[in-house]
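Welcome! Here is a friendly briefing for anyone opening this structure for the first time. Please have a look at it before reading on.

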Amino acid sequence: MKQFKAPLKKVSKLTENVWEFDFDYSKDPIDFQPGQFFMIDILDGNPEKAQRAYSTASAPSNKEFFTLCLKLIPGGRASTYFESLKVGDECSFIGPYGRFILEDSEKDIVMVATGTGIAPFMAMMPVLLEKGFNKPVTVYFGVAAEPDLFYLDILKKWEAEHDNFTVLITLSKPEPGWKGLKGRVTPHLEEAPFDTGNTIIYLCGNGEMIKDVRELMIKRGISKEDIHFEQFWA
């Protein structure tokens, strides 16, 4: 692990409460694997030290900056800290950490994300596409409502450019007129047409989804060794 500092390069609002923060590490890039995370020190003047873990939402091939994607929770200590940051402010990190990384495998891939659980997949997918991975990659992305969607443009762009790449969006609280999938992600995986003996599952999001989908995948015949997950807790 390495302790390092990186200045904030850019802030982008993705939804009402989901934001991107780009940190410049061009002078001293850190090697990490897609899916890993950094710990950031919450330097807010509070004498009680605090750190938070955030997966990178950008591919390691980007040596100019790395991206964190997070949901800002009103009154949350880390959220308040991020809200206070201005471009140029230097932040303190340590890492990378984590074993939620891409397997070196030629099996089909299914990625399941809820909310900001999509973040590590935004680091993984460019790596797969860059190396010409040609087995099916299917992404299930669930949020509550249409205003909560983000990264949709780039996901749809990848889908249009790569025949083996499929994005399935589902809303648990859709507005009238929504033409995509409806409900939680789990039911859509019950009859999903994938080769259970030749598929790796990656799960990232809230703990309930992880538990339900993992149990379902095991029931469907996916080996435990082929199910990888990272839980996000509020």
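Helices (H or I, at least four residues) and strands (E, at least two) are DSSP runs, numbered from the N terminus. Ser84, for instance, is found in helix α1, which covers residues 77-84. This is a predicted model, in which local features need pLDDT of at least 70 and side-chain atom pairs count only at pLDDT 80 or more, while totals for chains, interfaces and linings use all residues. Residues are numbered from 1 along each chain as its sequence is written, and side-chain values use heavy atoms, with hydrogens and water left out.

**Confidence**

- The predictor's confidence in each residue is given by pLDDT, from 0 to 100; the protein averages 95, and 99% of the residues score at least 70.
- Confidence is highest in β2, at 98, and lowest in strand β12 (residues 227-232), at a mean of 88.

**Two residues to start with**

- Residues are called buried under 20% relative accessible area, exposed over 50%, and partly exposed in between (1.4 Å probe, protein chains only).
- Ser84 counts as partly exposed because its relative accessibility is 40%.
- From Ser84 to Gly183 the separation is 99 residues in sequence and 35 Å in space, C-alpha to C-alpha.
- Phe21 has its place in strand β2, and it counts as buried because its relative accessibility is 2%.
- Leaving aside residues up to four places away in sequence, Phe21 touches Leu8, Lys10, Val11, Phe66, Thr67, Leu68, Leu70 and Phe82, where contact means heavy atoms within 4.5 Å.
- Phe21 and Gln231 are 210 residues apart in sequence, and their C-alpha atoms are 21 Å apart in space.

**Aromatic rings**

- A pair of aromatic rings is described by the distance of the centres and the angle of the planes.
- Rings of Phe, Tyr and Trp (its six-membered ring) pair if their centres lie within 6.5 Å; planes under 30 degrees apart count as stacked, over 60 as edge-to-face and the rest as tilted.
- How many aromatic pairs does a search of the whole structure find? The search finds 19.
- Phe23 and Phe93 have ring centres 5.0 Å apart and planes at 75°, so the pair is edge-to-face.
- Because Phe23 lies in strand β2 and Phe93 in strand β6 (residues 90-97), this pair ties together parts that are 70 residues apart in sequence.
- Phe23 and Phe93 are both buried.
- Tyr81 and Phe82 also make an edge-to-face pair, because their planes stand at 70°, with the ring centres 5.9 Å apart; both Tyr81 and Phe82 are buried.
- One aromatic cluster is formed by Phe4, Phe23, Tyr25, Phe32, Phe38, Phe66 and Phe93.

**Helix α2**

- In α2, 10 of the 12 residues are buried, so the helix is mostly covered.
- Among the buried residues of α2 are Phe121, Met122, Met124 and Leu128.
- After α2 comes Gly132, whose phi is positive, near 75°.

**Pocket and cavity**

- On a 1 Å grid over the protein atoms alone, a cavity is a set of points where a 1.4 Å probe fits but cannot get out, and a pocket is an open set with protein on both sides within 12 Å along at least five of seven lines; lining residues have an atom within 4 Å of a point.
- Grid points are joined across faces, edges and corners, and a volume is the space filled by probe spheres set on the points.
- The second largest pocket has a volume of about 290 Å³.
- Its lining has 15 residues, and Glu20, Ala57, Met122, Tyr151 and Ile154 lie nearest the centre of this pocket.
- Two or more lining residues come from each of β2 (18-24), β5 (65-71), α2 (119-130) and α3 (152-161), and α3 gives the most, with three.
- The lining of the second largest pocket divides into nine nonpolar, three polar and three charged residues; Ala, Val, Leu, Ile, Met, Phe, Trp, Tyr, Cys and Pro count as nonpolar, Asp, Glu, Lys and Arg as charged, and the others, Gly among them, as polar.
- The largest cavity has a volume of about 40 Å³, and the residues lining it include Leu102, Leu128 and Tyr202.

**Backbone details**

- Gly95 and Pro96 are joined by a cis peptide bond, with omega about 5°; Pro96 lies in strand β6.
- Tyr151 is not a glycine, yet its phi is positive, about 65°.
- Tyr151 lies in the loop between β8 (137-143) and α3, and it counts as buried because its relative accessibility is 13%.
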